[in-house]
Amino acid sequence: MLLARYQRLLLLAFAAIILFASAVPAVSAAPAKGSATSPDTELRPVQVFDVAAGRVVSTLPNDKKFQKMALSWTESVTRLAPQMTAGQSCSYVYRVPLAKPATVQSGDVKISTSDLFLFYCKGEEPMLLVFDERRKPYLFLFKADIEPFIKKVGIPSL
């Protein structure tokens, strides 16, 4: 039973990664010569993956507010999630690419990541999925309030 739950998380996570990756064209790390860019325009966009639809349903410009919220999640990690999978009530996964790698730490587990995957599960604590350098998934619980993030994204409507 535990193995099946772990496999479900892996399948959901990798499906989301594949869909997220195919939904956004590659962004050049260096701006074109003579172009005016701000640090916000160089960030890969925030994406919303609808689990039921099995696709990315929204892509939003990544900005300093998203970055601040995402970093507050990493700083408020409380522990590894006791469950190995996101529950059936998880309807959305949000991908938030970071401007620079952040460290997520709980006990002996310490991971540097450039992408955060927020699982929104109605009636459950939010969970943060990160991958280590070998692409091994880790699911964390955290205590930061995600309501401002959900309101900014607009999905689901609160």
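This passage describes the fold of a predicted protein model, moving from the overall architecture to individual residues. Residues are numbered from 1 along each chain as its sequence is written, and side-chain values use heavy atoms, with hydrogens and water left out. Because the model is predicted, local features need pLDDT of at least 70 and side-chain atom pairs count only at pLDDT 80 or more, while totals for chains, interfaces and linings use all residues.

The protein contains 3 helices and 7 strands; helices (H or I, at least four residues) and strands (E, at least two) are DSSP runs, numbered from the N terminus. Along the sequence these elements follow the pattern α-β-β-α-β-β-β-β-β-α. Of the 158 residues, 46% are buried, where buried means under 20% relative accessible area, exposed over 50%, and partly exposed in between (1.4 Å probe, protein chains only). A contact is defined by heavy atoms within 4.5 Å. Among contacts between residues at least 6 apart in sequence, 63% join residues at least 24 apart.

The strands form an open sheet of 7 strands in the order β2-β1-β4-β5-β6-β7-β3, with antiparallel pairing; two strands pair if DSSP finds at least two bridges between them. Strands β2 (55–60) and β3 (77–80) stand at the edges with a single partner strand each, so one side of each is left without a neighbour in the sheet. Neighbouring strands are turned by 35° against each other on average, direction ignored. For such angles, axes are lines fitted to C-alpha atoms, for helices over the stretch in contact, and angles run from 0 to 180 degrees between N-to-C directions.

Individual pairings can be followed through the sheet. Strands β1 and β4 run antiparallel and are joined by 4 bridges, and Q47 has R95 in β4 as its bridge partner. Between β4 and β5, also antiparallel, there are 12 bridges; here Y92 is partnered by Y120 in β5. The hairpin of β4 and β5 has 2 residues between the strands, and G107 takes a positive phi near 60° in this hairpin. Strand β6 (residues 127–131) pairs with strand β7 (residues 137–142) in the antiparallel sense over 5 bridges, with F131 opposite P137 in β7.

Helix α2 packs on this sheet and touches β1 (46–50), β2, β3, β4 (90–106), β5 (109–121), β6 and β7, its direction making about 80° with that of β4. The expected span of a helix is 1.5 Å times one less than its number of residues; the 12 residues of α2 should therefore span 16 Å, which agrees with the 16 Å between its end C-alpha atoms. The buried residues of α2 are F66, Q67, M69, A70, W73 and T74. These residues lie on the same side of α2, because they cover an arc of only 165° around the axis, the arc being that of the directions from the helix axis to the C-beta atoms. The face turned away from this buried side carries the exposed residues K64, K65, K68 and E75. At the N-terminal end, D63 caps α2, with a side-chain oxygen 3.1 Å from the backbone nitrogen of K65.

Within helix α2 (residues 64–75), T74 counts as buried because its relative accessibility is 8%. A polar atom of the T74 side chain lies 2.8 Å from the backbone oxygen of L71. Beyond its neighbours within four places in sequence, T74 is in contact with A102, T103, V104, L116 and L128.

In helix α3 (residues 147–153), I150 is likewise buried, at 2% relative accessibility. I150 and Y94 are 56 residues apart in sequence and 9.5 Å apart in space, C-alpha to C-alpha. Leaving aside neighbours within four places in sequence, I150 is in contact with Y94, Y120, I155, P156 and L158.

Two further backbone features concern the bond geometry. Most residues other than glycine have a negative phi, and most peptide bonds are trans. A cis peptide bond, with omega about -10°, joins I155 and P156, and P156 is found in the segment after α3. R135, although not a glycine, has a positive phi of about 70°. This residue, R135, lies in the loop between β6 and β7 and is partly exposed, with a relative accessible area of 42%.

Notes
A polar contact is a pair of N or O atoms within 3.5 Å; within protein, one must be able to donate a hydrogen and the other to accept it, and residues adjacent in sequence count only if both atoms are side-chain atoms.
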